[in-house]
Amino acid sequence: MSVSRPAAVIVLAAGEGTRMKSRLPKVLHELCGRPMLGHVLAASGELEPERTVVVVGHGREKVAQYLKETAPQVATAVQEEQNGTGHAVRMAVQELAAQGVELSGTVVLAYGDTPLLRGRTLADLVAAHESAGNAVTVLSAKVPDPAGYGRVVRDAGGAFTEIVEHADADEAQRAVDEINSGMYAFDGALLARVVDRLSTDNAKGEEYITDAVAILRGDGHRVDAAPAEDWVEIQGVNDRVQLAEARRLLNDRLLEAHMRAGVTVVDPASTWVDAEVRIGRDALIEPGTRLRGRTWIGEGAVVGPGTTLTDTSVGADAEVRETYAESAEVGPGAKVGPFAYLRPDARLRDGAKVGTFVEVKKSTIGAGSKVPHLTYVGDADIGEGVNIGASSVFVNYDGVNKHRTTIGDHARTGSDNMFVAPVQVGEGAYTGAGTVVRKDVPPGALAVSAGEQRNIEGWVQRRRPGTPAAEAAERALRDGQGRE
């Protein structure tokens with residue numbers, strides 16, 4: 001059967017997360033380029049719900065700001081005091097009602113600290129819920145160690161009967177390995193009514209959403225549980241050890257998807273990719289590589305080893321080795337590194353080269369141009385087919401403002417040049433070694449700034465007597481006189 005769009009997704013994200021020992025709300029801790037809450041919203045977003053509500057509480061200003069910046073279509077409901085999951089859901093239902101929303105379809109309940117949750121798992125939950133006509137469907141999972149979890153109890157025929165908390169379970173029930181994930185698909189109209197019937201008559205004096213399952217079943221409504229395919233998805237993250245474990249699992253999942261799509265990852269154990277990274281077929285990712293943000297790697301490109309790229313594009317068949325780049329663009333067939341630094345707005349056109357110990361910032365390196373060694377290029381436009389000599393500096397800052405340098409097509413600049421911006425070197429021009437370019441160089445001209453070399457003979461012996469340099473000079477002079 002076709003699955004309808006859920007009327008709403010409710011994400012609970014109000015908890016303090018004290019075990020994280022952090023000033024940051026738990027759900028905003030990052031893994032693979034997104035906060036935990038971001039991963040859950042991405043998964044639930046695959047359902048294309050009519051509305052999404054995030055219940056916020058502890059650190060709600062920071063959570064609300066994150067949502068405003070990344071998911072402005074998502075509404076928030078405030079849980080002033082953390083009085084249980086049922087109370088949190090009631091706050092979300094009341095917020096929807098205040099917006100004039102009448103819940104008449106499926107409502108999915110998820111948690112903001114389950115970053116491994118997949119969209120397809122939620123879709124399967126909704127499909128099972130709607131095909132059976134359930135009032136509520138529990139997302140369950142069979143786990144290796146169910147200790148501490150509420151057990152999903154079934155009768156001899158396999159039909160759902162109840163959820164029993166670990167503390168209340170008898171020996172037979174504790175042997176059950178199917179547990180309650182705490183995530184559900186509800187009939188929206190029934191949910192809107194049942195949240196007002198939740199009791200605080202329990203040890204903690206809180207409203208539990210699990211009680212809604214028992215209430216609806218007691219009313220004669222159909223209730224069931226649908227097991228997740230992979231139990232790992234339903235794991236919540238409560239401390240930094242679990243966060244690291246989840247990061248490793250999610251990274252492995254992302255790398256596996258890239259490899260199955262035709263990417264070679266030499267050493268998955270030392271390679272890290274963010275969720276929004278895109279990699280083309282036949283790309284080769286060497287060990288020790290980190291691909292962050294919205295980095296894009298073209299087909300056949302080679303990246304690494306020892307490379308970190310953030311929000312950077314690498315064209316087809318380019319090579320980027322032992323490089324750090326942020327918000328940069330590497331064109332098709334270009335070569336970068338080793339030991340290069342591409343800062344924001346560095347752009348290499350087709351076949352360009354940036355070599356060893358070169359830093360580029362807010363500059364364009366034209367097609368086929370080379371900046372091979374020991375150079376800083378800042379605020380510059382370098383044309384096509386240019387060669388920049390070693391140890392050159394584009395002097396772009398006068399202490400107050402930044403200025404640009406332009407190098408024309410097919411120019412050749414000598415080693416140890418200083419380009420004092422604003423300045424232009426014309427097409428086909430040359431500059432001599434050691435030149436300080438302070439004035440524009442016409443096309444085809446040779447620019448030199450050094451005076452004639454002057455040798456002061458005997459200076460070392462007179463001014464540095466007794467040093468190894470003076471002794472070496474004396475020997476060389478004696479040997480030279482002797483040969484003559």
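Asp113 sits in the loop between strand E6 and helix H4 (119-132) of this predicted model; helices (H or I, at least four residues) and strands (E, at least two) are DSSP runs, numbered from the N terminus. At 14% relative accessibility, Asp113 counts as buried, where buried means under 20% relative accessible area, exposed over 50% and partly exposed in between (1.4 Å probe, protein chains only). Leaving aside its neighbours within four places in sequence, Asp113 is in contact with Lys26, Val27, Met36, Gln235, Gly236, Val237 and Asn238; contact means heavy atoms within 4.5 Å. An unreviewed UniProt entry annotates Asp113 and Asn238 as "binding site". These two residues are spread over 126 residues of sequence yet cluster in space, with a largest C-alpha distance of 7.7 Å. UniProt positions are given in the numbering used here, feature names are shortened, and annotations may be inferred rather than shown by experiment.

Some conventions apply throughout. Residues are numbered from 1 along each chain as its sequence is written, and side-chain values use heavy atoms, with hydrogens and water left out. Since the model is predicted, local features need pLDDT of at least 70 and side-chain atom pairs count only at pLDDT 80 or more, while totals for chains, interfaces and linings use all residues.

His373 is found in strand E29 (residues 370-378). At 41% relative accessibility, His373 counts as partly exposed. Apart from its neighbours within four places in sequence, His373 is in contact with Thr356, Val358, Gly389, Ala390 and Ser391.

Helix H3 comes next. H3 covers residues 85-98, and at 1.5 Å a residue its 14 residues should span 20 Å; the end C-alpha atoms are 20 Å apart, which agrees. The expected span is 1.5 Å times one less than the number of residues. The buried residues of H3 are Gly86, His87, Ala88, Val89, Arg90, Met91, Ala92, Val93 and Leu96. They pack against strand E1 (8-13), strand E4 (52-56), strand E5 (75-78), strand E6 (106-111) and helix H6 (188-194). After H3 comes Gly100, whose phi is positive, near 80°.

Two strands pair if DSSP finds at least two bridges between them. Strand E17 (residues 296-297) and strand E20 (residues 313-314) run parallel and are joined by two bridges. Trp296 has Ser313 in E20 as its bridge partner.

Most residues other than glycine have a negative phi, and most peptide bonds are trans. Cys32, in the loop between strand E2 (30-31) and strand E3 (34-35), has a positive phi near 55°. Cys32 is buried, with a relative accessible area of 4%. Asp317 also has a positive phi, about 65°, although it is not a glycine. Asp317 lies in the loop between E20 and strand E21 (319-320) and is exposed, with a relative accessible area of 54%.

Two cis peptide bonds can be located in the same way. One joins Gly337 and Pro338, with omega about 5°; Pro338 is in the loop between strand E24 (335-336) and strand E25 (340-342). Another runs from Ala421 to Pro422, with omega near 0°; Pro422 lies in the loop between strand E35 (418-420) and E36.

Last, the chain as a whole. Its secondary structure comes to 10 helices and 39 strands. The radius of gyration is 33 Å, well over the 23 Å that the globule rule gives for 484 residues, so the chain is more spread out than a compact globule. That radius is taken over C-alpha atoms, and the globule rule is 2.2 Å times the number of residues to the power 0.38. Along the principal axes, the C-alpha atoms fill a box of roughly 115 × 50 × 40 Å. Buried residues make up 46% of the 484 residues. Among contacts between residues at least 6 apart in sequence, 40% join residues at least 24 apart.
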